[in-house]
Amino acid sequence: AAPLMAGKKGLVMGVANDRSIAWGIAQAVRSQGAELAFTYQGEALEKRVRPLAESVGSSLLMPCDVSDEASIDATFETLKQQWGKLDFLVHAIGFSDKEELRGRYADTSLQNFLTTMHISVYSFTSVARRAAALMTDGGSLLTLTYYGAERVMPHYNVMGVAKAALEASVRYLAVDLGRDNIRVNALSAGPMKTLAASGIGDFRYILKWNQYNSPLKRNVTLEDIGGAGLYLLSDLSGGVTGETHHVDSGYHVVGMKAVDAPDI
Ligand code: NAD
């Protein structure tokens, strides 16, 4: 049989280095024959992203700062000229001032609230609209979220509020774009040691907590996320849209651990 992603072209946004969630998904879809384009946030990251992109046979690499609508326009204009169409898109982008990813949510500033919502929520809607215009044969859009959207997690604060809005926007976009056979889903990843995560207070404790309390008794890997990303971006998930799919070793189903649980 032909590889799952043979003939499919996708844009991957959010690779910063080889620990990035976007990179895990890029490798998985590439291994099934996808053709990839990448964006990077700024010149400093280009040095890291270019060799990664080249290692998966991609020569289409574009700067894109999602806080700037003109920058997003330029990316999709280039994509339109180079490819003419698009089959899938990965949005693995989030940002908040790390000074507010500790302490109390109650102390969130207006400016950082707006910035966090802009970069972490609106940017997905903004790229979805432009991507959809190129998805003439249908398509699949995927964003990344976290359980802090559903339940209060220490220090996640304004980012949890933003992820809740992101998950709601996935549902609204799924309805808007469904008639064009464009699916929109979120992948809710368990905690992973990436550049973005290093900004979150007590992150090492959060990792340990998830490891000890999740059904699978381990943290998730880039391969775990890549496999689920491949499913959501390929035709295997053809009937799935508007979904938030947890890849978190099952952590989200646990209410309380049994008193006689063997570890810790
Ligand atoms: P990462 O640091 O590797 O990736 C974050 C990316 O966001 C970077 O590539 C960065 O350049 C990009 N970005 C930030 N501001 C931008 C802007 N203005 N324009 C363009 N790009 C911008 O970290 P990651 O953990 O791979 O994060 C990817 C996504 O996964 C984020 O949405 C994050 O919230 C989500 N997520 C992470 C975890 C975790 O524990 N690491 C868990 C669940 C969800």
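Biologist: How do the residues of the shell around the ligand divide into nonpolar, polar and charged?
Modeller: The shell holds 19 nonpolar residues, seven polar and one charged. Ala, Val, Leu, Ile, Met, Phe, Trp, Tyr, Cys and Pro count as nonpolar, Asp, Glu, Lys and Arg as charged, and the others, Gly among them, as polar. Please note that this is a predicted model: local features need pLDDT of at least 70, side-chain atom pairs count only at pLDDT 80 or more, and totals for chains, interfaces and linings use all residues. Numbering starts from 1 along each chain as its sequence is written.
Biologist: Which residues come nearest to the ligand?
Modeller: Ser20, Gly94, Thr194, Leu195 and Ala196, of the 27 residues around the ligand (near means a C-beta atom, placed from the backbone, within 6 Å). Helix H1 (21–31) and strand S5 (139–145) are the elements that give two or more residues to this shell. Helices (H or I, at least four residues) and strands (E, at least two) are DSSP runs, numbered from the N terminus.
Biologist: Turning to helix H4, where is the kink centred?
Modeller: On Tyr122, with a kink of about 45 degrees. The bend is the angle between axes fitted to the seven residues ending at a residue and the seven starting there.
Biologist: Which residues of H4 are buried?
Modeller: Thr116, Ser120, Val121, Ser123, Phe124, Val127, Ala128, Ala131 and Ala132. Buried means that 20 or more other C-beta atoms, placed from the backbone, lie within 10 Å of the residue's own.
Biologist: And overall, how many helices and strands are there?
Modeller: The protein has seven helices and seven strands, and 45% of its 264 residues count as buried.

Note on methods: A residue is buried if 20 or more other C-beta atoms lie within 10 Å of its own, exposed if 12 or fewer, and partly exposed in between; C-beta atoms are placed from the backbone.
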